[in-house]
Amino acid sequence: MCPLTRRKHPEEPETKSEELKRDRGRMVVFSSIIIVLLIAAIAVMVYRDQQRNAVKPVNRQATHRTAQTDTTKINYAIQPILGSTNAPVKIAEFADYRCPYCKTFEETVVPRLQQDYINTNKASFSFINYTILGPESLLAAEASEEVYHQNPKGFWAFHKALYQEQGSESKPWVTEKLLTDTARKTVPSLDVKAFQNALTTQSHKQAIAADNELGEDLGVPGTPAIFVNGKYIKNGQDYKVLKKAIDQALKNP
């Protein structure tokens, strides 16, 4: 006869071997459940950690200005501005106080812009530091930032006077003394100690870095770089070219 698996009678007592097998089986099931729960807990922890470390937009810490929220667009509200903030056309210049071409633009083009567009509320003009000529450029930018922080309206007198003080690009001319003297003459209400402290501690370093980064993001090729309603104008330092761009912007606001 073929051997059969014998069914144990319900009342038969378990052998020690069978009892051990039953206990081991329970342990295996219990261990499996614990392992599954641990794996699930680890997976949740890893997911949460990845979410926390995900790349997010970086909010720059504001200095005396409000931080830029979008470095691909010009935030005119935080820059020195000539003219009405409601003007339909917004002109922006990225410039370096040591740049001779920027001085030429300031002395020959800006006055014509004021006469033809700014004074008639057709356009506004903003100045943005773009320091490409070394430590002296940064020092001059620091001074302009502090003057703007203390007296926004007085900024333009200092701005104009600093260009008039411009020396040779190949020789050092930007000094703390020159900047302090120029600021004193052009902004009578100046807090001189605060101004000098700003130069020493570079208190506007982050704002200047933000402007430089903005210029890089916008593809500024050099100085002066002129934008009309956020669009770079090639050869914009030429008044005829710039005028054409402004008139086109006025027709198509």
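Me: Is aspartate 211 buried or exposed?
Reply: In this predicted model, aspartate 211 is buried, with a relative accessible area of 2%. Buried means under 20% relative accessible area, exposed over 50%, and partly exposed in between, using a 1.4 Å probe and protein chains only.

Me: Which helix holds aspartate 211?
Reply: Aspartate 211 lies in helix H7, residues 205–217. Helices (H or I, at least four residues) and strands (E, at least two) are DSSP runs numbered from the N terminus.

Me: What does the side chain of aspartate 211 make a polar contact with?
Reply: The partner is the side chain of glutamine 79, at 3.1 Å. A polar contact is a pair of N or O atoms within 3.5 Å; within protein, one must be able to donate a hydrogen and the other to accept it, and residues adjacent in sequence count only if both atoms are side-chain atoms.

Me: On to strand E2. Why is E2 largely enclosed by the rest of the structure?
Reply: Seven of the seven residues of E2 (residues 89–95) are buried, so the strand is largely enclosed. Val89, Ile91, Glu93 and Ala95 cover one side, and Lys90, Ala92 and Phe94 the other.

Me: In which sense do E2 and E3 pair?
Reply: E2 and E3 (residues 123–129) pair in the parallel sense over seven bridges; pairing requires that DSSP finds at least two bridges between two strands. Phenylalanine 94 has isoleucine 128 in E3 as its bridge partner.

Me: And how many bridges join E2 to E4?
Reply: Four bridges join E2 to E4 (residues 225–228), and these strands run antiparallel. Isoleucine 91 stands opposite valine 228 in E4.

Me: What about numbering and cut-offs?
Reply: Residues are numbered from 1 along each chain as its sequence is written. Local features need pLDDT of at least 70, side-chain atom pairs count only at pLDDT 80 or more, totals for chains, interfaces and linings use all residues, and side-chain values use heavy atoms, leaving out hydrogens and water.
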